[in-house]
Amino acid sequence: MQSSTNKPRLSFWQLWNMSFGFFGIQFGFALQNTNTSRIFSTLGANADDLALFWLAAPITGLLVQPVIGYLSDNTWHPFWGRRRPFFFVGALLASVAMFLMPNSSMLWMAIAVLWMMDSAINISMEPFRAFVGDKLNPSQQTAGFAMQTFLIGCGGVIASLLPSLLTNYLGVSNVPVDGAIPDTVRYSFYFGGAIFALSVMWTVFTTKEIPPTDLEKFRQERKNNQGFARAITEILGGFLKMPKTMVQLAWVQFFTWVALFSMWVYTTPSIAEIVFHSTDAQSAAYQEGGNWVGIMFGVYGGVSAIAAFILPILSRMTSRKFVHMICLMIGGVSLVSIFLISSKQMLLLPMVGVGIAWASVLTMPYAILAGALPANRMGYYMGLFNFFVVIPQIVAGFVLGAMLKHLFNYQSVKVLMLGGFCMILAGILTMFVKDVVEQS
């Protein structure tokens, strides 16, 4: 690829076009994060099994993202480029899965479709991170990730609010009939599938990629890198060659994503119980709680969209890792505070803090990491870095259900408190990260 010094500075709208696919990707993720526990519970899942059923998300990320990163690094097509073929294929598959998910009639079907949906979303998502490193100079990379974060926030807001909007303004039924998924959730997923495909296609057809500087050398290297065994060796061997900054960020990511996984899995049963006083997923009260969680998640998505443009300014005034530390601290305290709140309106306040943390989680680690990576391995290392997003979720998936049952007496909100403390710890660990660009 071209060296960073040869990359032209992109305009606002060029940054917008290359990042717009993330609007659709987050639309899919937000519908998943807000409604998956609700869908599983409606189909008969027990609260202490939810974390296990959610394992599809991190495990598919663990398997898919490093492979897609490796393959996209070794791809070049005169029309499609390097990353865009994966955007395109992932978007089509994800859209199909989003149409299937709310039509699941049994629990095992919903779990199977979650595996398909998450695999497809990961195919599209991983190359977007590398895309920023491919196209932008280091001086614009934080802005590039911030643009992604802004569009992620916008997509998250609309997707999270959809079930409530359909209920309150269009009169769509929010009550499960004969154990089926409520119409509000079904129509939200249909709309989300279309938005996912259209948004990613916008990026595919409006953004060009920078070709390798020496195309013949690239083709020879690609030929040498062919073969499944070679790919697996390269992917696994990367753990021994990780830059120091990446190793330090791994610990930050671990505790951050334990916290986020806890929030996504257990917010719905927590709010349904402590605010709407129901643990019966077939009841109207529980489903109303599910809608309110959508509003809560919409708030944190909206805050993250605004914060995305403030964080780069603050990082220039201080440092990227200081900003990330403060944001994680705010998010952690906010999650812990949910335990003390019983008013549904007051629950929106901690979501402001979570939104600030979410904006930083989606921006700062990747901006710090991009400055420490070789340009020709950007997709590979960004995919490898995803291990430290999914491994903590896998660990959490195996242990949180047992903790809910044996330590917390089925009080889901205490799992949210645990997540908050993990996020605070992640903030402390951020101060031990070496930011290569800022220290050079």
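I first wrote down the classes: Ala, Val, Leu, Ile, Met, Phe, Trp, Tyr, Cys and Pro count as nonpolar, Asp, Glu, Lys and Arg as charged, and the others, Gly among them, as polar.

This is a predicted model, where local features need pLDDT of at least 70, side-chain atom pairs count only at pLDDT 80 or more, and totals for chains, interfaces and linings use all residues. Residues are numbered from 1 along each chain as its sequence is written, and side-chain values use heavy atoms, leaving out hydrogens and water.

**Confidence.** I looked up pLDDT (the predictor's confidence in each residue, from 0 to 100). The chain's mean is 88, and 92% of its residues reach 70 or more.

**Cavities.** I searched for cavities (sets of points on a 1 Å grid over the protein atoms alone where a 1.4 Å probe fits but cannot get out; lining residues have an atom within 4 Å of a point). I found 2 of 30 Å³ or more, with volume taken as the space filled by probe spheres set on the points.

The largest cavity holds about 360 Å³. Its lining has 28 residues, and Phe29, Met125, Trp257, Asn386 and Val389 lie nearest the centre. I sorted that lining into 17 nonpolar, 8 polar and 3 charged residues.

The second largest cavity holds about 50 Å³. Gln26, Asn33 and Trp358 are among its lining residues, which I sorted into 5 nonpolar, 7 polar and no charged residues.

**One contact list.** What does Phe40 touch? Counting contacts as heavy atoms within 4.5 Å, and skipping residues up to four places away in sequence, I noted partners including Phe53, Trp54 and Met101.

Key: 1 Å grid on protein atoms, 1.4 Å probe; cavity = no way out; pocket = protein on both sides within 12 Å on 5 of 7 lines; lining within 4 Å.
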